[in-house]
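Trainee: Please take me through the side-chain contacts of this model, one at a time.

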Amino acid sequence: MQKDFPGLDRFDRSILAILAEDGRIPVADLARRIGLSKSPTQARVKRLEADGIIKGYRALLDPIRLGLDHVAFVEVRLADTREKALADFNAAVRKVPEIEQAHMIASNFDYLLKIRTGSMSEYRAVLAEKISSLPHVANTSTFVAMEAVKETGVSGALDAMG
């Protein structure tokens, strides 16, 4: 099922899919792969960057080789869910480096956090000293990941765009 993305044609979608997999691909190679010449391809990439669709480029690090192989998902329920409380919580979450992802959830809890550390003891310290002390936290529940079966990021979703 192809989604309609206003302003994005098949060339733009191809550029995004390729860059999501290899952000360092030379423009000439990118152009060849999508079937355009170098100048229009480069102009399209610049437009996608200017429009904020491409937010930046970064290195994909292997957390296992860096000794960060402990992943926990934490359900967080807040004591207060008014806008000010949510804004305070969001701002504080952005300052905790061990929080890899944070999502507001429509469920019987308010947020789902992905925490990455080097060990269970490191995680326990992060939970006790950082997560539990975030503004308005009423309670938490932790789920420890045993294995990452699939982590593709947005590049996997791009393949479904068509």
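**Salt bridges, rings and surface**

Mentor: The side chains of E151 and K114 meet in a salt bridge, at 2.6 Å from N to O. The pair links distant parts of the chain. Keep in mind that this is a predicted model.

Trainee: How many residues apart are E151 and K114?

Mentor: E151 is in the loop between strand 4 (137–144) and helix 6 (154–159). K114 is in strand 3.

Trainee: Does K114 count as buried or exposed?

Mentor: Buried means under 20% relative accessible area. K114 has 5% relative accessibility, so K114 counts as buried.

Trainee: What is the N to O distance in the salt bridge of D9 and R44?

Mentor: D9 lies in the segment before helix 1 (10–21), and R44 lies in helix 3, 35 residues apart. Their side chains meet in a salt bridge with an N to O distance of 2.9 Å.

Trainee: Why does R44 count as buried, and why is D9 partly exposed?

Mentor: Under 20% relative accessible area is buried, over 50% is exposed, and partly exposed is in between. D9 is partly exposed because its relative accessible area is 31%. R44 counts as buried because its relative accessibility is 18%.

Trainee: For the salt bridge of D62 and R65, what is the N to O distance, and which relative accessibility does R65 have?

Mentor: The side chains of D62 and R65 meet at 3.7 Å, N to O. D62 counts as partly exposed, at 35% relative accessibility. R65 counts as exposed, and its relative accessibility is 75%.

Trainee: Turning to the rings, how many aromatic pairs are there?

Mentor: Ring centres have to lie within 6.5 Å to pair. By this rule the count comes to one aromatic pair.

Trainee: What is the angle between the planes of F89 and Y111?

Mentor: A pair of aromatic rings is described by the distance of the centres and the angle of the planes. For F89 and Y111 the centres are 4.4 Å apart. Planes under 30 degrees apart count as stacked and over 60 as edge-to-face, the rest as tilted. This pair is tilted, with an angle of 40°.

Trainee: Where do F89 and Y111 sit in the chain?

Mentor: Both F89 and Y111 are buried. The pair links distant parts of the chain, 22 residues apart. F89 is in helix 4 (residues 83–93), and Y111 is in strand 3 (residues 111–117).

Trainee: Which residue is the bridge partner of Y111?

Mentor: Strand 2 (residues 99–104) pairs with strand 3 in the antiparallel sense, over five bridges. The two strands form a hairpin with six residues between them. In strand 3, Y111 is the bridge partner of M104.

Trainee: Which residue lies over the face of F11?

Mentor: The charge has to be within 6 Å of the ring centre. At 4.2 Å from the ring centre of F11 lies R10.

Trainee: Which residues form the nonpolar patch on the surface?

Mentor: L61 is found in the loop between helix 3 (38–50) and strand 1 (70–78). L61 counts as exposed because its relative accessibility is 56%. The patch has about 290 Å² of accessible area together, and its residues are L61, L66 and L68.

Key:
Residues numbered from 1 in each chain as written. Predicted model: local features only at pLDDT ≥ 70, side-chain atom pairs only at ≥ 80, totals over all residues. Heavy atoms only, no water. Patch = residues over 30% accessible without salt bridge, like charges linked within 9 Å, V, L, I, M, F, W, Y side chains within 5 Å. Areas by Shrake-Rupley, 256 points an atom, 1.4 Å probe, with all protein chains shown as cover. Salt bridge = Lys/Arg side-chain N within 4 Å of Asp/Glu carboxyl O. Helix = DSSP H or I, 4+ residues; strand = E, 2+ residues; numbered from the N terminus. Buried < 20%, exposed > 50% of the residue type's maximum accessible area, 1.4 Å probe, protein only. Phe/Tyr/Trp six-rings, centres within 6.5 Å; stacked < 30°, edge-to-face > 60°. Lys NZ or Arg CZ within 6 Å of the ring centre and 35° of its normal. Pairing = 2+ DSSP bridges.
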